[in-house]
Amino acid sequence: MSARYVLGVNIGFHDSSAVLLRDGALCSLVEQERVSRRKHAVGQPPAEAVAACLAMAGIGPAEVDTVAIGWDFRQIPLGRNRRFTTEGLRAMLFPDQEDLVMPAVRWVPHHVAHAASAAFSCDAEEAAVLVVDGAGETQSTSIGRFADGEVEILREWPVEESLGFYYNAAAEWAGLGYWGTGKLMGLAAYGRPGPGAPVRAAPGGYELVRAPAAEVPARRIASLGPLMAYYPAVAESLRPGFGAFFPYAPREAEEPIAYADFAATVQQGLEEAVLSLATELRRRVDTPVLALAGGVAMNCTMVGVLVRSGLFDRVYVPPVPTDAGVSLGAALVSARECGPFTPTRIDHAYWGRPVTTQAGEAAAARAGLPFRRLGDDALARFVAGEIARGRIVGWARGRGEIGQRALGARSLLADPRDRRSLERLNVLKGREMWRPVAPSMLAEHAHELIEGRLDDPSRFMLAAASVRPDARRRIPAVTHVDGSARPQTVHRDTNPGYWALIEQFRQLTGVPAVVNTSFNLAGDPIVDSAADAVDTFTRAKEIDLLVLGDTVVTRGEDELPA
């Protein structure tokens, strides 16, 4: 019997992506932004991501049995757009295949796809499911149950009550931009939360405190979709609530630190709302496992609060909880409907396109850069020594990470013992100086540095945790102003080369961690290919050396390892 391939896609308005399953098992996931080099791939269909997934599997579009879409636009007026006809989808996903007979199409509701991306991949027979994002077809928050291979949605909150929109609007109010939610979370650590955030816990969940908003006409939804149609109205309805806080006005050009208390208050409101949701979910669903997805799951401070709450024995967040992950969830739902299957337990994030040693050397040669290939042990020793003497290393090895966190496949690495590492990396990347960077630490030694509970999200750098007081002076570069860090626990079985590097650094310095931030410059997606890495290396002179596969690339012959 021939293999059955399901191609999952996100064809929403941002973060488009593609995933390929073979008989239900995950083969690859590619985010369109990594291939097109346009951050968040706003307005871009995932055609290049689709082509990349098929190329890695060595198959063509005709061998795809089903295309699963992580939205069901048929539920809303937008679904009447000709882009979503059979021919429109063929042109969107397979633009060079005019004679292709389009595979069967399975439309999966957005929040069901989000829920499935977490529930199927967490390796639990049953789970409580929480989805919190900006907007699905008509909803923004959902609670549900996963059992017997099925996702059941128990309750939904409408788009007008979106916690994702609440946090996006607050980021814009603080002058950090619509995509500045991560910045707002980092800024919150500098402030003191106060009462009165325009969101509050309520029996069974939460509610936004909004001024009356104009009704969104159906024709606007039809032309723009739920995200762009509803967001301006929801944001406007929250502005009076935001104006109740110092400095009482939206930020324009002044220093953002004045908005630290505002950020802390907004963050606290989000945490209280999500804790209320989780409490209600635990009351309804008697299971110790929580599977969490949706864009708001990228708020690692909130995830850390959930982990430490003890409401659930286990909290699982997939490495790509954002809209890019609905391609995976939709594909899993579709594959499950075709009969029994064993979904892949996702305990690592390395499902993207590979950087090979050969590709790295070819890219370095084209740029006229000197390079030298090393064996695994020699590479780990050399790079650990370079980091220990204060050098910044670009690291691109193996298959790329999925999701928004660099996890030791496309990373910039530095010494966590030196506070100046934070400053140097923020300057290099064009980031605000108050933004933190994160540690990658050996899983076996994590509790030497971190106190309290570490759960599955730490594999993907998705939960904040408290740095032990006695460790804060050992790793000042990755300890945030509030004593927290966003750790990644590195496991030898899932990334042996990265683990070996950190182990060598531990043997040299006694510290079982390195600074890890994403390998990109301001406004760029994380590097994907060897050519992307070389391009970033040549533009960012502050990066001291580059590792591509098993090859060390430097700026001069005298810097190469002996």
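Welcome to this predicted model. Start by selecting helix 12 and helix 14: their axes come within 8 Å and cross at roughly 55°. An angle between 35 and 65 degrees is neither roughly parallel nor roughly perpendicular, so helix 12 counts as oblique to helix 14. The crossing itself is right-handed.

Now show the side chains where these helices touch. On helix 12, pick Ala380, Arg381, Val383, Ala384, Gly385, Ile387 and Ala388; on helix 14, pick Ala500, Leu501, Gln504, Phe505, Leu508 and Thr509.

Centre the view on Arg397, Asn495, Pro496, Gly497 and Tyr498, the nearest to the pocket's centre among its 19 lining residues. Helix 12 (376-388), strand 16 (398-401) and helix 14 (496-509) each give two or more residues to this lining. By class, the pocket lining has eight nonpolar, six polar and five charged residues.

How many cavities of 30 Å³ or more does a search of the whole structure find? There are six, and the largest cavity holds about 80 Å³ of space. To find the largest cavity, select His348, Tyr350, Arg459, Gln488 and Thr494, which lie nearest its centre out of 13 lining residues. Then highlight strand 22 (residues 488-490), the source of the largest share of that lining, with three residues. The lining of this cavity comprises five nonpolar, six polar and two charged residues.

How values were computed. Residues are numbered from 1 along each chain as its sequence is written. This is a predicted model: local features need pLDDT of at least 70, side-chain atom pairs count only at pLDDT 80 or more; totals for chains, interfaces and linings use all residues. Side-chain values use heavy atoms; hydrogens and water are left out. On a 1 Å grid over the protein atoms alone, a cavity is a set of points where a 1.4 Å probe fits but cannot get out, and a pocket is an open set with protein on both sides within 12 Å along at least five of seven lines; lining residues have an atom within 4 Å of a point. Helices (H or I, at least four residues) and strands (E, at least two) are DSSP runs, numbered from the N terminus. Ala, Val, Leu, Ile, Met, Phe, Trp, Tyr, Cys and Pro count as nonpolar, Asp, Glu, Lys and Arg as charged, and the others, Gly among them, as polar. Axes are lines fitted to C-alpha atoms, for helices over the stretch in contact, and angles run from 0 to 180 degrees between N-to-C directions. Angles under 35 degrees count as roughly parallel, over 145 as roughly antiparallel, 65 to 115 as roughly perpendicular and the rest as oblique. A crossing is left-handed if the near helix is turned anticlockwise from the far one by less than a right angle, and right-handed if clockwise. Contact means heavy atoms within 4.5 Å. Grid points are joined across faces, edges and corners, and a volume is the space filled by probe spheres set on the points.
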